[in-house]
Amino acid sequence: MAALRGLLARPLASYYLLLSSAGLLLLIGLTMVFSATSVRDYAKDGDAAASLTKQAIFAVIGIVAFWACQRLPARTFRAVARPALGAAVVLLLILNLLVALEAFFRVDSIGPLKAELLWLYLGPISVQPVEVAKYALVLWGAYVLARKGAALGWWKELATPLFPVVGLLFVLVGYNDLGSMLCLLALVVGLLWAAGVRLQVFAALSVVGLAGVGLLVAAASLGAGSGSRDADNYRLTRLTAFLDPPDPKACFQEQLQGCYQLVQARYALENGGWFGVGLGKSTLKFGWLPEAHNDFIFAIIAEELGVVGCTVILVLFAVLAYTGLRIARRVEDPFRRLAAAGVTAWLVGQAVINIGGVTGLLPLTGVPLPFISDGGSALVVTLAAIGMLASFARAEPDAARALHARPPARWVRLVWAPLPPLPGRRRRPAPPAGDRGSVPRSRTRGPDEKAAARGVRPDRTRAGTASERRR
């Protein structure tokens, strides 16, 4: 423990913990994507590494985004907060518009634009607008809350403009993707908690959030998400299957909805045991477990690597959570503190929702596991957020002083990252009073009206010697 405390006391401990945990999760993710998709890809196209190649390309793009974000100062993130939020809202509006046109008027596309549930296609390029919205909400929310400061104790300061914008994002995202809306909710809770908002606000938000989730569950009967007017409410079915799990035999014999994936995931957990059946030797990935490469990839990890492999994943996410909160606690800038807490709540909350749904501890929502699930947009945005955290970790006071005391070589600073600003810099001196604009002046005092020096009374003068005054 003494050695561990010594390592954690090093100035750049947060930076190296962040790099190691995120890097290991990315490496495990690429390995498990290949394991979960190789059989399917070989049977489909004869290329077992097709999905791995695609995911590796997005991983390279994400590493470039990580490198670019870790070089940026905090003022750049503040500057792009509003444009990023505007772009995310526009993308979500376009996605929902195309989905509505396809549902009501059978219009598949508008020019090169095409929507498919959660994906927006521009020709061969596809993007998930909700992933952009998560990152944009972190930047914009941290920027707004940092500017308000101590005024957050008033409801009206939270009501404008934070709550209306957050409500708009919840509606645009939650109508098609309830799981991603819950991730946004975890993100907002992390921001407000780091800002020191009162508990009464969290209680009110909990009531409003539960009511909103209930409305979105009911909206699945009208075609929200992947539901349809003619089919049963799949969101309600998942919720009832979680609250009252059916018997596995009845699930297969009666072909009940909402329980098939959950039962297969539990079979994977049972087959894995303590040490798993071996990497690449899963049987449920042969078409038995839907979305084995994406939402249910944790079940494949449990089957192939067992409890030991699952524990490694959980420990790495715990290290990531500790590192993010450590950075938020150590940085001096309020914007950095709030953004670090928001990113940590987003990534760790999404991991908890995914793993809880796979293991049956939470209702199924269909969100990917960060760093590990197959998906290009999510991986690129996640690595960009980790790059921002790395920039903040280098800006910790002790880390910045250590880097300036022994700066790396010039080529390292040019290729990898520049030196962060030193903490505690004195601000520029305030301008003199005469330069601050017109200030009303009092009338000029006369010679006899000037204030006397402190401790001297003009009406009394010292007379006589000291001995006479003592008498």
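**Entry 1: the cavities**

I began with the largest cavity, which holds about 70 Å³ of space. The model I am reading is a predicted one, and I kept that in mind throughout. My search of the whole structure gave two cavities of 30 Å³ or more.

I then asked which residues lie nearest the centre of the largest cavity. They are L369, F371, S373, A378 and L379, and they belong to a lining of 13 residues. Sorting that lining by class, I noted seven nonpolar residues, five polar ones and one charged one. Helix α16, which covers residues 376-394, gives the most to this lining, with three residues.

The second largest cavity holds about 60 Å³ of space. Its lining is made up of L92, L95, L118, P129, V130, L172, V173, N176 and D177. By class, I wrote down seven nonpolar residues, one polar and one charged for this lining. I also looked up where the lining comes from, and found that α5 (81-105), α6 (129-148) and α8 (162-174) each supply at least two residues.

**Entry 2: F66**

Next I turned to F66, which is in helix α3, running over residues 50-70. Is F66 buried or exposed? Its relative accessible area is 9%, and F66 counts as buried because this value is under the 20% cut-off.

I then looked for the contacts of F66, leaving aside its neighbours within four places in sequence, and found L19, L383, A384, I386, G387, A390 and W416. I also checked V381, which is 315 residues away from F66 along the chain, and found that the C-alpha atoms of the two are separated by 8.9 Å.

**Entry 3: the strands**

Strand β2 (residues 113-116) and strand β3 (residues 119-122) run antiparallel and are joined by four bridges. In one of these pairings, K114 has Y121 in β3 as its bridge partner. β2 and β3 form a hairpin with two residues between them, and L117 in that turn has a positive phi of about 60 degrees.

On the way onward from β3, I found that this strand also pairs with strand β4 (residues 125-127), again in the antiparallel sense, over three bridges.

Methods: Residues numbered from 1 in each chain as written. Predicted model: local features only at pLDDT ≥ 70, side-chain atom pairs only at ≥ 80, totals over all residues. Heavy atoms only, no water. Buried < 20%, exposed > 50% of the residue type's maximum accessible area, 1.4 Å probe, protein only. Contact = heavy atoms within 4.5 Å. 1 Å grid on protein atoms, 1.4 Å probe; cavity = no way out; pocket = protein on both sides within 12 Å on 5 of 7 lines; lining within 4 Å. Points joined across faces, edges and corners; volume = space filled by probe spheres on them. Nonpolar A, V, L, I, M, F, W, Y, C, P; charged D, E, K, R; others polar. Pairing = 2+ DSSP bridges.
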